[in-house]
Amino acid sequence: MTKSIWIKHAAQLATLTSEIKGPRSKEAMSELGLIEDGSLWIENGLIQAVGTTKEIEERYAEKLHTADVVDASNHLVTPGLVDPHTHVVYGGSREREFEMRLEGATYMDIMNAGGGIHATTRMTREATEEELIEQTTHRLDSFLAHGVTTVEGKSGYGMNLETELKQLRVMKKLQEKHAIDIVPTFMGAHAVPPEFKEKEDEFVDYLIDEMLPVVAKEQLAEFNDVFCEKGVFTPEQSDRILEAGKRFGFTPKIHADEIAPYGGAELAAKAGAISAEHLLKASDEGIRAMAKAGTIACLLPATALYLREEAAAGRKMIDAGVAVAISTDCNPGSSPTTSMPLVMNLACILMRLTPAEALTAATYNAACAINRQEKVGSLEVGKQADIVLWNVKNYQELQYLFGVNHVKSVWKKGVQVVS
């Protein structure tokens, strides 16, 4: 049995507790459950008590001498950050493409030169499981150092059965050996592979008939994602893939309306998707449909910045009643970052979220987007002790001092993993 942990005298303890138990929207996204001079008592990896330092001191008076004490004076304490949209398992790197874009190359120029998503697919197909584990471990370590304690991970750089399974098996192995919790998503429908060029419907059939059944049989994923976009998968093809996934027990997610308004947000609502991702070009009708359906908008401001695009209309979505989460979209082509603190900063600067809304979007709502809100995303009795102590005094300062990693310490299930 591990020793108890007593975190005391936090200048501000942002518990993220609320009377609303589902995804939070509108005014509820600003409810951080703040406690001044806050304190936590942790045993066996779980939070046992939350309150002021005086309250915890009185409640555990006879046990205080047995605990590891953490003095959080002049520091902000929050739940561990949750990243609900990553492509964290992939082979190789594409830094040359970044330089090519800055030199004026277009997306198609890069594709024609053998780059783009198909370059990552090629490198991921060629990589062994051991190589992918080694590369992904470095990224997960970086996530931890930035205060992220839970990530969603998508496959999608295989687009054939063998490599999709390889990516998902890597996630399963890392879930068992790495401190971070990894929530797996099958995304065989990330793009149409070169061998199926101009045979898109055949690829959809292959995905439904050959890939989904095996992923389901091996229980390698919880979610099924599809890239609904012009030049990738049509709304009709996307609907087929999502409905097939539901028959195998997968919860739908959808990459939607990133490049052009394409009905992706509307399809997300219709299909009962837990979340829709990107949404840079989502229509007003699609936003209203998502609000009505309770579909979470998972927004990716670092991707918009990296590609020099206008970010998604986060302010409009929140005002319309959509619950918003945010993510790094960690991937080798359009957002090679593991910094959720930077993503929170960008959510404020580019999408006009308030500092409180950005923190909710990176913790509780992000947990809801991957169905983990019963375990993580807030500091409540019975939840995992996934906690970050920051080198700032309050949540406003966390967003105000942008582009800096303010993490001082991180605990995962009550074990200190960053110090």
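Asp-225 is buried, with a relative accessible area of 0%. By buried I mean under 20% relative accessible area; exposed is over 50%, and partly exposed is in between, with a 1.4 Å probe and protein chains only. Before I go on, this is a predicted model, where local features need pLDDT of at least 70 and side-chain atom pairs count only at pLDDT 80 or more, while totals for chains, interfaces and linings use all residues. Residues are numbered from 1 along each chain as its sequence is written, and side-chain values use heavy atoms, with hydrogens and water left out.

Back to Asp-225. What does its side chain meet in a salt bridge? The partner is Lys-154, at 2.7 Å from N to O. A salt bridge here is a side-chain nitrogen of Lys or Arg within 4 Å of a carboxyl oxygen of Asp or Glu. Lys-154 is in strand β7, residues 148-154, and Asp-225 is in strand β9, residues 223-228, so the pair ties together parts 71 residues apart in sequence. Helices (H or I, at least four residues) and strands (E, at least two) are DSSP runs, numbered from the N terminus. Lys-154 is buried too, at 0% relative accessible area.

Ile-241 is 16 residues from Asp-225 in sequence and 8.5 Å away in space, C-alpha to C-alpha. Ile-241 sits in helix α8, residues 235-247, and is buried at 0%. Beyond four places in sequence, its contacts include Val-204, Leu-207, Ile-208 and Val-226. Contact means heavy atoms within 4.5 Å.

Now the other salt bridges. The structure holds 23 of them. Arg-240 and Asp-205 form one, at 2.9 Å from N to O. Arg-240 lies in helix α8 and Asp-205 in helix α7, so this pair ties together parts 35 residues apart in sequence. Arg-240 is partly exposed at 39%, and Asp-205 is partly exposed at 32%. Glu-218 and Arg-169 form another, with the closest N and O atoms 2.8 Å apart. That pair links Glu-218, in the loop between α7 (200-217) and β9, with Arg-169 in helix α6 (residues 161-177), 49 residues apart. Asp-181, Asp-386, Lys-412 and Lys-413 are linked in a network of salt bridges.

Next, the annotated positions. UniProt, in an unreviewed entry, places the feature "binding site" at His-85, His-87, His-255 and Asp-329. They are spread over 245 residues of sequence but cluster in space, with a largest C-alpha distance of 12.4 Å. Of these, His-87, His-255 and Asp-329 are in the lining of the largest pocket. On a 1 Å grid over the protein atoms alone, a pocket is an open set of points where a 1.4 Å probe fits, with protein on both sides within 12 Å along at least five of seven lines; lining residues have an atom within 4 Å of a point. UniProt positions are in the numbering used here, feature names are shortened, and annotations may be inferred rather than shown by experiment.

Is His-87 buried or exposed? His-87 is buried, at 2%. It lies in the loop between β6 (81-83) and α2 (95-102). Leaving out residues up to four places away in sequence, His-87 touches, among others, Lys-154, His-255 and Asp-329.

Arg-94 is in the loop between β6 and α2 and is buried, at 13%.
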